[in-house]
Amino acid sequence: MATGLPDSTTIEIEFTETVWTDVTSLVNVGAGAITRKVGRSTQLDTISAGSLSFTLDNPAGTFTPDNPLSTYYPNVVEGKRVRWKVTEASVTYTRFNGYITQWVPDIDGASASVVNVNATDLLGHLSTRQVWSLPETEFRFDSPTVYYTLDHPSDLTTDPFYSAVGGPSLRYQKSPVDGTLDLNSGVGAPYDPYTCPTWARNGPSGQNPYLYANNILQEDAANYTIELLVKPVVGAYSAGEYTFLDFYVFDIRYSTTTGLEVTVNNGAVNSLSTLSIDFLDGEQHLITFTSGGGSSYLYIDNVLYDSSTAFPSIPKNSKLEIGRFYDGEISHVAIYKNPYASEQHEQHWLGVNAYRGETIKTALNAVARWSGVSITHEGAGSPQLLDAIDTTDKKALDALALLSSGDGGVLYDNGAGLYARIGSQLKSSTVELSLDVEADLNGSVTLTRSITEDIAGATVSSYSQSATYVDAEQAAALGTYASADAPNLALTELEAIASNIVAVANNKRLSAGQASFDLANANSDKYADTLTLEIGDRVRLTNLISTQFGRTYLDTYVQGWSESLNAAGYVFTFDLDAADVPSEAKFDDATYGRFAVGDGLLTLTSTIADSAVSISVTSTGLPLTVLAGSYPLDLDLNGERITVASAPVSATSPQTLTVTRGVAPSIARAHTAGAAVEVYLAGKFAL
């Protein structure tokens with residue numbers, strides 16, 4: 001008996017912010033359907049933005065854009081949020097939550113009968129969100145009142161010299177002339193494409209040209225944070241004193257004898273006589289001074305160095321001076337209205353270093369945070385970024401796609417929000433959904449012999465290095481190489497990804513590429529299994545005709561799907577990749593090479609019947625290991641899976657094995673002498 005359509009389905013549109021309007025009663029599921037797409041075609045493809053489409057009855061023009069008679073005018077526009085939910089057995093599943101991209105009226109005679117609505121998910125929304133280089137993105141995310149990157153175009157020679165976010169531009173004060181100020185000769189923050197000014201004192205007075213801005217604040221600031229990145233250098237006339245910044249009642253300076261100081265009215269308030277950090281070490285250092293709520297705090301590179309009572313308020317129309325007594329570089333000067341929270345210090349310092357040494361999970365969360373979204377993570381073992389996040393001139397979607405690229409992770413919108421899977425979680429060993437090809441599938445399964453095409457090798461590149469894996473058997477016959485980009489992972493990770501690309505691309509086993517399943521008309525209730533499915537889950541296709549396939553089931557990884565709900569059914573069309581064939585490449589897998597067998601090295605010594613439980617194998621190379629810890633071991637006997645329970649007695653060829661025949665999904669059959677024997681699902685490993 002068919003399980004039937006879901007108990008209820010709901011489509012809501014946020015015409016007015018925070019107010020969701022239920023339009024389900026006007027969704028036309030007779031003429032059309034509610035259709036959602038998510039994921040990718042194969043595991044070598046990049047995840048693209050998901051989509052939703054449905055049709056609304058529109059006899060009164062309610063959903064016609066620009067119609068002033070509409071109840072929702074003027075809010076029938078692109079960019080409005082929309083969500084789709086399905087309820088079955090008292091459980092509600094969010095199938096889509098995104099943004100409308102099109103309202104397409106379909107005119108029938110004198111009236112607008114229907115409107116076709118198209119929407120994109122969070123990934124599509126992020127394709128419109130710009131991110132800047134680091135650390136600019138981190139600084140701007142916390143909404144500075146005034147912010148200067150201090151980057152200067154080399155051909156700009158007239159005022160204003162340095163434009164600001166939210167404040168007046170900085171100008172160049174030329175006198176006194178006992179020093180120099182090169183406008184764009186500084187390197188600035190690590191991994192940052194921006195240049196910055198460089199100061200040098202050339203005379204005994206100690207002063208040099210500096211940057212200044214009048215009327216820096218438009219209102220009094222009782223609570224504030226000041227932040228800047230500095231790299232002082234030893235100069236001929238430094239005399240051990242460096243003034244980074246003067247701002248009304250106080251300045252921030254460094255002395256080689258007394259340490260870092262924040263002074264008010266020329267009297268020391270916060271003073272450090274010793275520092276565990278050397279400001280003259282040639283490195284960039286982030287200085288953060290925050291005041292408010294009765295307290296003030298001084299941070300260096302996200303480490304709290306001193307605290308005191310709150311400083312005086314900074315009145316509006318104050319003057320800011322940068323670098324009057326200074327040797328070295330200054331960049332990324334930011335002023336905020338409020339004191340920082342501790343996590344803001346950490347994020348800004350990570351941004352200065354472009355998240356170097358952090359995990360991909362941390363990097364993904366950072367880009368998502370800038371874009372106003374969050375990511376749910378599943379899986380462990382996320383490798384570290386050896387260099388940096390590359391966000392320069394990218395959209396948020398591009399930065400996220402690059403970070404989650406490669407074979408080691410996937411990021412997509414699962415309907416409830418952004419969802420990331422990494423490592424072993426991306427390729428589940430547990431069967432999450434089992435479909436009987438005879439009883440469950442809507443038509444036949446689409447089978448394929450190759451996911452992509454034969455390739456001789458693959459090169460995977462990060463920002464600073466690359467790794468190439470070559471299939472020795474293919475290199476002589478083929479000249480085609482694949483390539484992929486990945487974050488700056490360790491070399492072994494790049495090698496493993498390259499190896500797996502070759503293994504997947506050269507897979508010749510018959511596998512399922514696509515399968516359609518009508519959830520509403522299925523003989524058994526599979527709602528919970530289907531509506532909780534994630535990309536990377538294992539889907540098993542059972543009840544194959546064994547005489548045609550030589551096996552009883554096929555295991556696959558789901559890579560994406562389209563789902564379509566109307567009055568007649570609820571159809572899912574899954575995009576699938578072969579699971580386990582060949583086995584997944586893991587560079588650091590301790591079992592690599594332990595059996596020392598491969599193509600053409602091991603054969604069946606004599607003919608056997610389908611009932612034989614003892615076989616003899618002959619090795620033309622290294623024989624099977626006799627180490628007990630390597631067993632049980634599965635072998636592929638010319639397409640039949642067999643299990644060897646214990647090590648052979650003999651360490652030399654030929655070797656006699658006690659076996660279990662026809663291990664699922666294969667079936668036992670007779671074999672002739674010389675039949676190929678190899679480790680079952682042997683993988684291709686990077687070296």
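**Figure 1. D66 in the loop between β4 and β5.** D66 lies in the loop that runs between β4 and β5 of this predicted model. The backbone of D66 has a phi near 65°, a positive value in a residue other than glycine. With a relative accessible area of 67%, D66 is classed as exposed, because exposed denotes a value over 50%.

**Figure 2. The cis peptide bond from Y73 to P74.** P74 is also placed in the loop between β4 (48-57) and β5 (81-88). The peptide bond that leads from Y73 to P74 is cis. Its omega is near 5°.

Figure 3. Phi of N215 is positive, near 55°, in a residue other than glycine. N215 has a relative accessibility of 39% and therefore counts as partly exposed, the class between the buried limit of under 20% and the exposed limit of over 50%.

**Figure 4. The cis peptide bond from A664 to P665.** The peptide bond from A664 to P665 is cis, and its omega is near 10°.

Technical notes. Residues are numbered from 1 along each chain as its sequence is written. This is a predicted model: local features need pLDDT of at least 70, side-chain atom pairs count only at pLDDT 80 or more; totals for chains, interfaces and linings use all residues. Side-chain values use heavy atoms; hydrogens and water are left out. Helices (H or I, at least four residues) and strands (E, at least two) are DSSP runs, numbered from the N terminus. Buried means under 20% relative accessible area, exposed over 50%, partly exposed in between (1.4 Å probe, protein chains only).
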